[in-house]
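I opened this notebook to record what I looked up in the structure. The entries follow the order in which I made them.

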Amino acid sequence: MDSFQKEIDERTNLTSSNKFELLLFRLGADPHGERSELFGINVFKIREIVPMPPVTKAAGTQSPMLGMVNIRGQIISVIDLPAVVGCVPKTGLNILLVTEYARSTQAFAVESVDEIVRLEWSQVLSAEASTGGAFVTSIARLDNDKDTSRLAQVLDVEQILHEIMPSDRNLKMESLEKSSSHGIRPGAVAIAADDSKVARSLIEQGLRAMEIPFEMHVTGKEAWEKVQKLAKEARTEGRPISDKISFVLTDLEMPEMDGFTLTRNIKREDFLKSIPVIIHSSLSGSANEDHVKTVGGDAYVSKFEANELAATIYSVLDKSAATRP
């Protein structure tokens, strides 16, 4: 048990240095060729990896849903991941990746698992197009050599779940409270960052419904560069940073720079540290929430429930306004 806890602590502490661990797996050959490409998912999303158990297929189940499995008394939906991204497994669906993600548990059937690799987020680049199409959020370079051909496609689990198991329960945003009474200064914008297309869309809908001006970014690095640009403008004009930035809303997992590093960069500069930073992530769990406090984050909210996100934003804004000179 001690060694297991040590491993968890060590993995969590990777976030202090803009690093993470990626589980690599294979889904089979591309329909147009024989090559079996590598795919990846953040280890923090994985609850367990098990040999493929018997699957119960309910009436009306259609691809890419395979059915349901019973894992220690919990009934979990199983998704055929090769079918999602358009691969054909050569040896069948042999492994089940059980994931905890955005308040839900689901399992992905894959052909095989390769290894776990430790990477820096700077080795992960945003991907607009790849074999996995809309379901690939980034490309991970598995070696430090920039000329390497050993790459892995990091899957956008949010997009996959949104497409396969859509729900409108989080999309009813018309009743969200407006921001006018929460101390956002005229001209200030929220800086939002998330590498998932569906997450960006949901965040944009929510912020628009709350009537909060915002700028959206795909990576933590992009968001940090924008913060620095606005900070330079504020200094030049002799104005406080709150005149330029109302708050930062950031995901944890992002190419080039993760949310922890973005938060740490903001909070370690005297001129910027008053900017409220809200972590908005599918990586739930007490370890991540505790680490948010360690790096100086003002709040943590799990994806995605519009009213909870709005309540968290307004709570943080109200506290910030109360301490503002």
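Entry 1. I looked up helix 6 and noted that helix 6 is mostly covered, with eight of its nine residues buried. Buried means under 20% relative accessible area, with a 1.4 Å probe and protein chains only. Helices are DSSP runs of H or I with at least four residues, strands are runs of E with at least two, and both are numbered from the N terminus. Among the buried residues of helix 6 I listed Phe260, Thr261 and Leu262.

Entry 2. I recorded the basis of these values. The model is predicted, local features need pLDDT of at least 70, side-chain atom pairs count only at pLDDT 80 or more, and totals for chains, interfaces and linings use all residues. Residues are numbered from 1 along each chain as its sequence is written, and side-chain values use heavy atoms, with hydrogens and water left out.

Entry 3. I turned to Asp258, which is found in the loop between strand 14 (245–250) and helix 6 (259–267). At the start of helix 6, a side-chain oxygen of Asp258 reaches to within 3.4 Å of the backbone nitrogen of Phe260. I also found that the side chains of Asp258 and Thr261 make a polar contact at 2.7 Å. A polar contact is a pair of N or O atoms within 3.5 Å; within protein, one must be able to donate a hydrogen and the other to accept it, and residues adjacent in sequence count only if both atoms are side-chain atoms.

Entry 4. I asked which side chain of opposite charge is nearest to Asp258. A salt bridge is a side-chain nitrogen of Lys or Arg within 4 Å of a carboxyl oxygen of Asp or Glu.

How values were computed: Buried means under 20% relative accessible area, exposed over 50%, partly exposed in between (1.4 Å probe, protein chains only). Lys and Arg count as positive and Asp and Glu as negative; His and the chain ends are not counted.
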